[in-house]
Amino acid sequence: MTADKSITETEIRQVLAPVTGDRLASLRLGAEATVIVLEVGGLDQLGRDRLEIGVRDALRTMDLPPLRIAQMADREGADEEKRGPVIVAVGSGKGGVGKSTVSANLAIAMARSGVKVGLVDADIYGPSQPRLMASEGERPQARDKQLIPVQTRFGVPMLSMGHLAEPGQAIAWRGPMAGNALAQLIEADWGDADVLVVDLPPGTGDVQLTMIQRFKPAGAVIVSTPQDLALMDATRAIGLFDKAGVPIIGMVENMAGYICPHCGEESDPFGSGGAEAAAGTMGYAFLGRIPLTIDIRTRSDAGRPPAADDGPIADRFADIARQVLDGVGMTVAA
Ligand code: ADP
């Protein structure tokens, strides 16, 4: 379909105004999709359906790229005047389980579903998002002491602890310094982002505490490998969020099953299903399983996350992203 270039976002807003009132949270007219986020807090299901149908009806005769409508429910206790993006924290019990890989791909999958999403790399021990997101060497600008996120080719603006240090300088964030560094990233100019995916350091240290106390996440995703040890550690990470009243959206099992690049056969070097079983026992949702593949590793190193392309791994991340958005009250309709 070729969109009529003469239609502007302002015109769409004018057409929608009588239908949405102040419930139009955001609108973006892109080349491939017209993305609309509706604020549906306080409406029952019928009211939400009516609102969405009203929007589709109002735009029916306009020559626009396909509509993607997301419904965002009001957050409980949210400060109406200062509504920042919804924060999704991604944690793990220990390092090396693929938490950063999952965070990056999750953010990209969310962006592909039409949600405006930013990515924060708060991993003080080894900020790896600049490499994963192909933004190594870029420096964020600042305006009035507020950082401006770095744009990436995946439509996901990002900031990393790595961006706060001079290149080559070792980072030894400790205590309050780590918390303040996190605050700089979270309080950056995220524009009209709906969601921030925050890649936390592994474990339960100062950054996690600041995250929970100052920027209460709407939910947490826990990444684990199928190994028992990682699961035990993951349990500690869950405990921290749980105690602070941060809802656990669910667990992702990474490196579950090895897919041989030659024959495509799947084997289980670390066992499989451990995270799913543990999630079941503890009463948490299991969001999905990402296999161990050479392709995921080489793409991660090359700044080409699989979620940005089409294929079975991208599908798995899209599925996980949908569940996570659901978990924070943002239902994305195709
Ligand atoms: P963490 O953030 O938990 O420390 P990373 O995301 O940095 O872990 O991943 C650690 C290493 O494992 C990286 O080299 C990454 O490319 C690789 N990796 C992560 N997930 C997978 C996977 N599913 N298949 C293959 N390699 C993976």
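Strands β11 and β12 form a hairpin with 6 residues between them. In its turn, Gly264 has a positive phi of about 80°. This is a predicted model, so please read every value here as computed from it.

The table lists its pairings, and a bridge from each follows in the text.

| Strand paired with β11 | Sense | Bridges |
|---|---|---|
| β10 (residues 219-224) | parallel | 5 bridges |
| β13 (residues 286-292) | parallel | 5 bridges |

Towards β13, the bridge partner of Tyr258 is Leu292.

For the protein as a whole, 45% of the 334 residues count as buried.

Met255 belongs to this strand. With 25 other C-beta atoms within 10 Å, against a cut-off of 20 or more, Met255 is buried. Its backbone deserves a look too: phi of Met255 is near 60°, a positive value in a residue other than glycine. Most residues other than glycine have a negative phi.

Met251 and Ala278 are 27 residues apart in sequence, and their C-alpha atoms are 9.2 Å apart in space. Ala278 lies in helix α9 (residues 274-282), and it is buried, with 23 other C-beta atoms within 10 Å.

Is Ala134 found in a helix, a strand or a loop? It sits in the loop between α4 (129-132) and β6 (141-143). With 15 C-beta neighbours inside 10 Å, Ala134 counts as partly exposed, whereas Met255 is buried.

**Around the ligand**

Strand β11 returns here, as do some other elements. β11, β13, α3 (99-112) and α10 (294-301) each supply at least two residues of the shell around the ligand. Which of the 17 residues around the ligand come nearest? They are Gly98, Lys99, Ser100, Thr101 and Arg297. By class, the shell has 10 polar, 5 nonpolar and 2 charged residues.

**A pair of helices**

Two packed helices are described by the angle between their axes and the distance between the axes. Helix α1 (residues 9-20) and helix α2 (residues 45-59) have axes that come within 9 Å and cross at roughly 145°. Their crossing is right-handed. On the α1 side, the meeting residues are Ile12, Val15, Leu16, Val19 and Thr20; α2 brings Leu51, Gly54, Val55, Ala58 and Leu59. By class, this contact has 8 nonpolar, 2 polar and no charged residues.

**The whole chain**

Stepping back, the protein has 11 helices and 14 strands. Among its contacts with a separation of 6 or more, 75% are between residues 24 or more positions apart.

Conventions:
Residues are numbered from 1 along each chain as its sequence is written. This is a predicted model: local features need pLDDT of at least 70, side-chain atom pairs count only at pLDDT 80 or more; totals for chains, interfaces and linings use all residues. Axes are lines fitted to C-alpha atoms, for helices over the stretch in contact, and angles run from 0 to 180 degrees between N-to-C directions. Helices (H or I, at least four residues) and strands (E, at least two) are DSSP runs, numbered from the N terminus. A crossing is left-handed if the near helix is turned anticlockwise from the far one by less than a right angle, and right-handed if clockwise. Two residues are in contact if their C-beta atoms, placed from the backbone, lie within 7 Å. Ala, Val, Leu, Ile, Met, Phe, Trp, Tyr, Cys and Pro count as nonpolar, Asp, Glu, Lys and Arg as charged, and the others, Gly among them, as polar. A residue is buried if 20 or more other C-beta atoms lie within 10 Å of its own, exposed if 12 or fewer, and partly exposed in between; C-beta atoms are placed from the backbone. Two strands pair if DSSP finds at least two bridges between them. A residue is near a molecule or strand if its C-beta atom, placed from the backbone, lies within 6 Å of it.
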